[in-house]
Amino acid sequence: MLYLVGLGLYDEKDISLKGLEAIKSADVVYAEFYTARLFGGDLKSLESLAGVTINILRREEVEEDSLPINQAKNKNVAFLTAGDPLMATTHSDVLMEARRKGIKTRVIHSSSILSAAPGIAGLQAYKFGKVTTIPRPEENYFPHSPYQVIGENKKMGLHTLVLLDIQAHRDYYMTANEGLEYLLRVEEERSERFLSGDTLAVVIARAGSPEPLVRAGDIDTLTGEDFGGPLHCIIIPGDLHFLEAEALVVLGNAPEYIMGED
């Protein structure tokens, strides 16, 4: 049996009772934190809660060596991931490969930034379009695709959830400031004029923690603010319902003029 267990957004206490039971019943417990990680707790806290030893896997051990799948041929294996276990493509691949090999699987869901971010910002989840991720720029690597996704969503009046690059092995977690500056740089290069320093944006930091931050304002203002520690994400709103605009004012301290928009 292979259990895919979501750990939630912030600390070891976010895991469900079903998830905790799966960990305790497993012969081997693996976890990966290269797609996301918990910042409110540590591995020892989770091990103490579950009463098990947790083995941290590198990306290649999951994607190339298929270690959780190979072990699950003869053992009960719990594979732990931050957030919901199937939000990352690599985890869906693990599920499919296990099914192909005749291994029994069970998915135990948990909270995800895809639902948490719209909710705590007061935005309606069904009004979101395609999700995008801003990568860390490298030499000769500066893709415009996140900007293009925002543009496509905006044409349909839809909001965009913008995730930010995580490179846990380098201890790098992109800040909202970096993400917003990235988008402004793409706008400067493309000049498509659907995004500027005056564009309304929403920054969310530490979703799932006891005191998450929600801040809404124009991009020029937000790039100069300090949002504290990771993890951060960004929402670029599309057309706002008046209740959404009111929520951004009340929950995110957005300027009140946005309540005049339809």
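Me: In which loop is arginine 193 found?

Reply: Arginine 193 is found in the loop between H8 and E10. Helices (H or I, at least four residues) and strands (E, at least two) are DSSP runs, numbered from the N terminus. The model is predicted: local features need pLDDT of at least 70, side-chain atom pairs count only at pLDDT 80 or more, and totals for chains, interfaces and linings use all residues. Residues are numbered from 1 along each chain as its sequence is written, and side-chain values use heavy atoms, leaving out hydrogens and water.

Me: Why is arginine 193 called exposed?

Reply: Its relative accessible area is 75%. Buried means under 20%, exposed over 50% and partly exposed in between (1.4 Å probe, protein chains only). Arginine 193, at 75%, therefore counts as exposed.

Me: What is the phi of arginine 193, which is not a glycine?

Reply: Arginine 193 has a positive phi of about 65°. Most residues other than glycine have a negative phi. Asparagine 140, also not a glycine, has a positive phi of about 65° as well. Asparagine 140 is in the loop between E6 and H7 and counts as exposed because its relative accessibility is 78%.

Me: Which residues does a cis peptide bond join?

Reply: Proline 230 and leucine 231 are joined by a cis peptide bond, with omega about 5°. Leucine 231 sits in the loop between helix H9 (219-222) and E12. Most peptide bonds are trans.

Me: How many aromatic pairs are there by the rule used?

Reply: The count comes to three aromatic pairs. One of them is phenylalanine 142 with tyrosine 182, whose ring centres are 4.3 Å apart and whose planes meet at 35°. Rings of Phe, Tyr and Trp (its six-membered ring) pair if their centres lie within 6.5 Å; planes under 30 degrees apart count as stacked, over 60 as edge-to-face and the rest as tilted. At 4.3 Å and 35°, this pair is therefore tilted.

Me: Where do phenylalanine 142 and tyrosine 182 lie in the chain?

Reply: Phenylalanine 142 is in the loop between strand E6 (132-134) and helix H7 (145-155), and tyrosine 182 is in helix H8 (residues 176-190); the pair links distant parts of the chain, 40 residues apart. Phenylalanine 142 has 15% relative accessibility, so it counts as buried. Tyrosine 182 is buried at 4%.

Me: What makes the pair of tyrosine 147 and phenylalanine 194 tilted?

Reply: The ring centres of tyrosine 147 and phenylalanine 194 are 4.3 Å apart and the planes are at 35°, so the pair is tilted. Tyrosine 147 is in helix H7 and phenylalanine 194 in the loop between H8 and strand E10 (200-205), so the pair ties together parts 47 residues apart in sequence. The relative accessible area of tyrosine 147 is 0%, so this residue is buried.

Me: How do you know that the charged end of arginine 185 sits over the ring of phenylalanine 142?

Reply: The test asks for NZ of Lys or CZ of Arg within 6 Å of the ring centre and within 35 degrees of the ring normal. The charged end of arginine 185 sits over the ring of phenylalanine 142, 3.6 Å from its centre. Arginine 136 likewise lies over the face of tyrosine 172, at 3.8 Å from the ring centre.

Me: Which residues have the most contacts inside the largest nonpolar core?

Reply: Val5, Leu7, Ile23, Val29, Ile54 and Leu80 have the most contacts inside this core of 23 residues. Two or more residues each come from strand E1 (2-6), helix H1 (17-25), strand E2 (28-32), helix H2 (43-50) and strand E4 (77-81). H1 gives the largest share, three residues. A nonpolar core is a set of buried Ala, Val, Leu, Ile, Met, Phe, Trp, Tyr and Cys residues joined through side-chain atoms within 4.5 Å.

Me: Why does leucine 7 count as buried?

Reply: Leucine 7 has 1% relative accessibility, so it counts as buried. Leucine 7 lies in the loop between E1 and H1. Leucine 46, in helix H2, is buried at 4% relative accessibility. The C-alpha atoms of leucine 46 and leucine 7 are separated by 9.7 Å, although the two residues are 39 residues apart along the chain. Leucine 7 and alanine 31 are 24 residues apart in sequence and 9.8 Å apart in space, C-alpha to C-alpha.
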